[in-house]
Amino acid sequence: MKKLLFIAAAIAAICACTPKYSEGEVSFKIWENYDGDSLPNDFTALGEPTVTGTTNAFQLGDYVDPAKDHFVAEYTSTLTVPEEKEYSFLLYSDDNSRFIIDGEPVIELNSTGSYTIAKQTLGKGRHELKIQYQEYINGQGLDLYLYTEGELPRDYGTTAPEYQIPDFVVPQVTEAHDRYMKWKGDDETVIFPIFTDIHSHTDYRFRQIGYVGETSDIWGYDFMLCLGDVGVNLGPAHISKDITNTILTKVSDEMKKYPGLFLFVPGNHDWDGGEDTFTSEERFQELFQEPGLEKADGNLHLTEGKVYHYYDIPEKNFRIILLNSCGTGTQQGTYYIFDDEQVEWFRNIVNETPKEMNIFVACHYMPHPNGRWHNTPAPYTLQSNERMMDVLAELKKDHNIIGLFCGDSHFNMHEVDRNVNYFVTQSMSCCSIENLMPGTRRADINLDESLCCDVIAVKPAKNEVHTFRIGAGGADFDYEFTY
């Protein structure tokens, strides 16, 4: 289970300019065996806490079992403000939380795994900060970020230093390529790496795209593919359009370093552009899709105003269809759906595909039940999942569909359902152990020492697929199947 983190706004590693707690001490109280299904309104009515103490940050330590459910906690400290300022607070929690300043609730979250932002002007002097938290079931998590106007948590700007490809990259790329060559033999293949869940809101993970792209001459990729979750609606990108736009530009720049065609479809963490605005589908086309038109020799077919599209390699009888699994035109709070308009478009494209072509379908979110690391009970989401699986099974009867390939879940999975292959690539994030579904696996990742990228290889003439893991997990995370 993910360790419960209460990240203090004062941590200098996040932002050197963020104000520090004047006392440098945070008191905590823990009440175990709390049976309520929501956050208590009155913590004084809970009686004596199970555990009390002090620490130097808003952080739950080893005095509470990280796998424990059904407890509540309260953390209190003070913050000294040198002069009156407006602050932006970003609160994340899993499950419920309440952020209080000087006795007044500022943010309250009653949901699992969500972010909320609030702005508050604090006068000069001392202020009491309090976080109340409830762990109900299935996962722990609470983060608090504090910024003032003009402060950025990291240097995402143009002054960020250029990088050298780390020493670990070429050996890991070469080792995976050797396995590929042994499998390939004399057969013609379509081959490409998949990236997903980059989540570059607090670090430079997007550089891993550049690492693989700049070593592409070893493989001779037909194209490169990103299935989204660049990470612009996480952490500080929620607060600053400057951060959002810089992340988008940096990822686009890494993609452009690859001399060939880079395909992209967005994920659920790619829409919020900060300050209550949303990144448009036209913006994604401008940054990630239109640059490929000149490289595609007329074989990249964009959909005006939408981010679902397809690309053909006619000489290899190969078509890749990229779907937007996060809604079309309804991104605000409506993730993980395939709307009516897109489903109809998808049916038409498949039915218009020549029978001899092999169809590879990809998107961010996996609709297969075993491919979701969390449940999404909203009726429209489940109905959308079931419909997409029905559509794929129906179309597979008359067309050579390789399968549906997705990210989002932060683990690896291969399932066959009604003759349709469903594959999840882990890429750069890591699902917690307790959230792994049956038949799924994950590799532990240290991105300072390793890549974590699946390369997909297809033999169209033999209806065979083989995936090759570059980096974390190595050959143990290769998969082989037919279609």
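Which residues in helix 6 are buried? In this predicted model, the buried positions of helix 6 are Gln342, Val343, Trp345, Phe346, Ile349 and Val350. These residues cover an arc of only 160° around the axis, and therefore lie on the same side of helix 6. An α-helix has 3.6 residues a turn, so residues three or four places apart point the same way. Asp340 and Glu352, on the other side of helix 6, are exposed. The length of the helix was also examined. Helix 6 has 13 residues, which at 1.5 Å a residue should span 18 Å; the end C-alpha atoms are 18 Å apart, in agreement with that value.

An open sheet of 8 strands is found, with mixed pairing and the strand order 16-17-18-19-20-22-21-23. Strand 16 (300–301) and strand 23 (440–441) are the edge strands, each pairing on one side only. Helix 6 (residues 340–352) packs on this sheet and touches strand 17 (309–313), strand 18 (318–322) and strand 19 (358–362). The direction of helix 6 makes about 180° with that of strand 18. Strands of a sheet pair through backbone hydrogen bonds, either parallel or antiparallel. Between strand 21 (residues 412–417) and strand 23 the pairing is antiparallel, over 2 bridges. Within strand 23, Thr440 stands opposite Met413.

Salt bridges were searched for over the whole structure, and 17 were found. One of them joins the side chains of Glu108 and Arg98, at 3.0 Å from N to O. This pair links distant parts of the chain, with Glu108 in strand 7 (residues 104–110) and Arg98 in strand 6 (residues 96–101), 10 residues apart. Arg98 has a relative accessible area of 4% and is therefore buried, whereas Glu108, at 37%, is partly exposed.

A salt bridge is also formed by the side chains of Asp417 and Arg418, with an N to O distance of 3.6 Å. Asp417 is partly exposed, its relative accessible area being 23%; Arg418 is likewise partly exposed, with a value of 46%. The side chains of Arg442 and Asp444 meet in a salt bridge at 2.0 Å, N to O. Asp444 has a relative accessible area of 60%; because exposed means over 50%, this residue is classed as exposed.

Technical notes:
Residues are numbered from 1 along each chain as its sequence is written. This is a predicted model: local features need pLDDT of at least 70, side-chain atom pairs count only at pLDDT 80 or more; totals for chains, interfaces and linings use all residues. Side-chain values use heavy atoms; hydrogens and water are left out. Two strands pair if DSSP finds at least two bridges between them. Helices (H or I, at least four residues) and strands (E, at least two) are DSSP runs, numbered from the N terminus. Contact means heavy atoms within 4.5 Å. Axes are lines fitted to C-alpha atoms, for helices over the stretch in contact, and angles run from 0 to 180 degrees between N-to-C directions. The expected span of a helix is 1.5 Å times one less than its number of residues. Buried means under 20% relative accessible area, exposed over 50%, partly exposed in between (1.4 Å probe, protein chains only). The arc is that of the directions from the helix axis to the C-beta atoms. A salt bridge is a side-chain nitrogen of Lys or Arg within 4 Å of a carboxyl oxygen of Asp or Glu.
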